[in-house]
Amino acid sequence: MAEAILEVRDLVKHYPLTQGILFKKQIGAVKAVDGVSFDLAAGETLGIVGESGCGKSTVAKMLVNLERPTAGQIKYKGEDITTMSGRALKAVRRNIQMVFQDPYTSLNPRMTVGDIIGEPYEIHPEVAPKGDRRRKVQDLLDVVGLNPEYINRYPHQFSGGQRQRIGIARGLALQPEIIVADEPVSALDVSVQAQVVNLLDRLQSEFSLSYVFIAHDLSIVRHISDRVGVMYLGRVVEIGRDEEIYDHPTHPYTQALLSAVPLPDPSARKHRERIILTGDVPSPANPPSGCTFRTRCWKAQERCAQEVPLLAVPAEFRLTEGPAHHPSACHFAEEKRVVPTESG
Amino acid sequence: MLLEVRDLQVEFKTRDGVAKAVNGVNYSVDAGETLAVLGESGSGKSVTAQAVMGILDMPPGRIAGGEILFQGRDLLKLKEDERRKVRGSEMAMIFQDALSSLNPVLSVGDQLSEMFTVHRGMSRKEGRAKAVELMDRVRIPAAKERVGQYPHQFSGGMRQRIMIAMALALEPSLIIADEPTTALDVTVQAQVMDLLAELQRELNMGLILITHDLGVVADVADKIAVMYAGRIVEQAPVHDIYKAPAHPYTKGLLESIPRLDQKGRELYAIKGLPPNLMHIPPGCAFNPRCPMARDVCRSEVPPLFDVAPDRQSACFFWKETLDG
């Protein structure tokens, strides 16, 4: 792997639950993120998938420093950004930008498109001197496929897909190295999603960006990612290259998740084995002991309740070279193919 | 035929003019059959369903023409109190967002038993017992203990089960499900879809499934109607459409979705945006976005051509589309 531009180690975010008004005392914590580690190499796309409440968006917020972690480190080019402040933090933030999910609420309705995309230059004037800004913003509009003449329009004059392009242009304004995209296409119509996904693809090679791409849609994540991490209840349960995760998953949760995705192919209906999980995701305020997935897992045994499985290459695959050789946090990891190959 | 919609037209009066949401839709569902209505936002798929249910906001909405035949009767000719009897007991609807469809200040038991006390004249006690029975049926664990709980005490998947229970309460012959699993997580989505399909089989109901998700359609539908700008552009048995679409819009949609079982070449992207319903382009509404558009597409509205028995396409060039 190329050199890691971002190293995340044992990242934890607990939101305290308090009781009382005057004398607040902590009675517990919502463990939104509970020990997440991964690397992001320069120029690669890391996809993070998981269901709602698994902590994927909290991870995104910590990566761009919108939330301070409870514990753990986020190293950008070797330096821990979680302890930075002031000028050093400002410099790092320029290089890690975010694209949000909802293009309706993440753009200020009272600002023109030019002001929205140009606002980052107010904070980082070194990137674009004042006289140069208008031209830069027009260039950005052009880059994301919008007419540069739209610079004086307001967000409500654009469709959802166009707004998401504006959000992307704002993310690119400071020429960052890393873009954290939290569900960037899930609010868009099917026929418009492909346009935005292709745009993100093109921008990555044009500006050699690294992406952290967070989504719940496993098909889109596969399309765009080089590597994929699967999260469940605040932890990464399996991580690997895209074919390792999609074609050779070893964690039961990944297998269930993949088998539940409906395929746009009616002939797959018959010969496809589906693992239907029972029950719901437990509350992160009170996660099960040991392996947090055990309450919904068909393989769960005594050991799963007592020992937290570590995210590492499982012992049975440690000596093999094959695609099952990737980190998976399960005591009973085994390879199981759940996605039919090339339309079955 | 259980339900037949004929040449339905719905429009909305807005400040900026009249929006033509549905422009001559024809479809039909038989008992035990699943029809998927596929379309993007603004395609008219939900408005058609609301017209069938009789829950359109009128005004600003107005049914400008057409017939809705349910078991042979034209629903549009019924008086409101007769319509009301049909709604709920003979046809029922499941909505996307269970949290805002349920009343937050009534327990789920009260909301379920209301179906029986209002429509069937049962006592409260009998209604309560029926509610527990229904919750069991949609597999809500510990139904007896949870019947007195409020919607916020249930998870998203459980709430959608309650919506299903409510729709099934009076054993209707037709269910309309408008994006029933869109708000749910994948693993829960699979549970809910499974449950719905099983109950449909058991009760031999007709099901109209409204969705934008090509995966969900492929999984459960028998036939599929693709809508664009208030019209059906293609209608076919589900296997045929996925194998070889006969309309450029359907084809574009199928090619533009990333696949779980394939690694990414560049995605095909349909250019442009869905049309504004106030200014639907003349001719074929899809022509500004269509790679095959010719002069005739810009001047004439294509009728539904018969491609095969049970199969229609509203494209002048359906043959070329079908061949590749």
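Mentor: In this predicted model, helix H9 of chain A passes helix H8 of chain B in a left-handed crossing. On the side of H9(A), the contact is made by Ala256(A), Leu257(A) and Ala260(A); H8(B) contributes Val186(B), Thr187(B), Gln189(B) and Ala190(B). By residue type, the contact of H9(A) with H8(B) comprises five nonpolar residues, two polar ones and no charged ones. Two packed helices are described by the angle between their axes and the distance between the axes. Here the axes of H9(A), residues 252-260, and H8(B), residues 186-203, come within 8 Å and cross at roughly 50°. H9(A) is therefore oblique to H8(B).

Elsewhere in chain B, strand S6 (residues 91-94) pairs with strand S7 (residues 174-178) in the parallel sense, over four bridges. Within that pairing, Leu174(B) of S7(B) is the bridge partner of Met91(B). Met91(B) and Met93(B) point one way from S6(B), while Ala92(B) and Ile94(B) point the other way; all of these are buried.

Helix H1 of chain B, residues 45-53, is also mostly covered, with eight of its nine residues buried. The buried residues of H1(B) include Lys45(B), Ser46(B) and Thr48(B), along with Val47(B), Ala49(B), Ala51(B), Val52(B) and Met53(B). After H1(B) comes Gly54(B), which has a positive phi, near 80°.

Key:
Residues numbered from 1 in each chain as written. Chains lettered and ligands numbered in written order. Predicted model: local features only at pLDDT ≥ 70, side-chain atom pairs only at ≥ 80, totals over all residues. Axes fitted to C-alpha atoms, helices over the stretch in contact; angles between N-to-C directions. Helix = DSSP H or I, 4+ residues; strand = E, 2+ residues; numbered from the N terminus. Parallel < 35°, antiparallel > 145°, perpendicular 65-115°, else oblique. Left-handed = near helix turned anticlockwise from the far one by under 90°. Contact = placed C-beta atoms within 7 Å. Nonpolar A, V, L, I, M, F, W, Y, C, P; charged D, E, K, R; others polar. Buried ≥ 20, exposed ≤ 12 C-beta atoms within 10 Å, placed from the backbone. Pairing = 2+ DSSP bridges.
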